[in-house]
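Subject: Structure handover

Hello,

Here is the structure for your files. My notes on it follow below.

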Amino acid sequence: MRVKVYQDILEANDNLAEMNRKKFKGHGILVVNLIGSPGCGKTMLLEKTLAALRERGKVRPAVVEGDLETSRDAERIARSGVPVVQINTQGGCHLDASMLAAVLPDLPLAEINLLFIENVGNLVCPASFDVGESYKVVVLSVTEGDDKPAKYPVVFHHSEVALVTKMDLIEHTDFSLEAALRDMRSVNPKLKCLPLSARTGQGMDAWVELLEEQVQGVSKG
Ligand code: MG
Ligand code: ZN
């Protein structure tokens, strides 16, 4: 019976996610669901991405922050000057479509064309819960080890883009970029992999240009 209950939950979530997706489509908004372990650098990546996007001036972003507790990440993002909404899951280990639907009235949907969702730090269940995003971006830092794609294949399978972060630290680790890329591609041959460092800016241009390109594609509809 447990299996049945879980399937029902996922089905109800998928239906709500479709409603969110329709709403985003109506407003011409690209929605990026960022998924990665705690400490993989999602928030800093967002801060630097928002700064770069602002400088280039082509995209109007907003952010939804998902966390178990606290609004610390949302406060960091708010300093970038973009609209940000915090969701606290009260211990829940992933965001779901109903949580996102509940905060949409707090976002200026008519004024933005890119919405980042920083999911709860977790490589497991955020992969199974569609929230209505355009696509998932999985974030893996070199300090976590290159065996993550083989050990957590589901999230890599469901993502369009994989960002390998903290590349500035790679020489201090045993992380093999080659091994990680090989395992990612064996799980998902279509996965677009971008190594970068938010701290030094290495590889950030390719990521920001990809976002701009995708936003343009969505707004043309
Ligand atoms: Mg964070
Ligand atoms: Zn969960």
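This is a predicted model: local features need pLDDT of at least 70, side-chain atom pairs count only at pLDDT 80 or more; totals for chains, interfaces and linings use all residues.

At 34% relative accessibility, Cys93 falls in the partly exposed class, because that class lies between the 20% and 50% limits.

The zinc ion (ligand 2) is coordinated by the SG of Cys93, the ND1 of His94 and the SG of Cys125, at 2.0 to 2.2 Å. Along the chain, these donors are spaced as C-H-x30-C. Water is not among the atoms, so the site may look incomplete.

Now the sheet. Seven strands form an open sheet with parallel pairing, in the order β3-β2-β4-β1-β5-β6-β7. At its edges are β3 (84-88) and β7 (192-195), each of which pairs on one side only. From one strand to the next, the twist averages 20°. In general, strands of a sheet pair through backbone hydrogen bonds, either parallel or antiparallel.

For one pair I have more detail: β2 (residues 61-67) and β4 (residues 114-118) run parallel and are joined by five bridges. Within this pair, Val63 stands opposite Phe116 of β4.

What lies across β4? Helix α2 does, at residues 42-56. The helix also lies across β1 (30-36), β2, β5 (135-141) and β6 (159-165), and runs at about 165° to β4.

Regards

Definitions and conventions:
Residues are numbered from 1 along each chain as its sequence is written. Chains are lettered from A and ligands numbered from 1 in the order in which they are written. Side-chain values use heavy atoms; hydrogens and water are left out. Donors are N, O and S atoms within 2.8 Å of the metal (3.2 Å for Na, K and Ca); water is not among the atoms, so sites may look incomplete. Buried means under 20% relative accessible area, exposed over 50%, partly exposed in between (1.4 Å probe, protein chains only). Two strands pair if DSSP finds at least two bridges between them. Helices (H or I, at least four residues) and strands (E, at least two) are DSSP runs, numbered from the N terminus. Axes are lines fitted to C-alpha atoms, for helices over the stretch in contact, and angles run from 0 to 180 degrees between N-to-C directions. Contact means heavy atoms within 4.5 Å.
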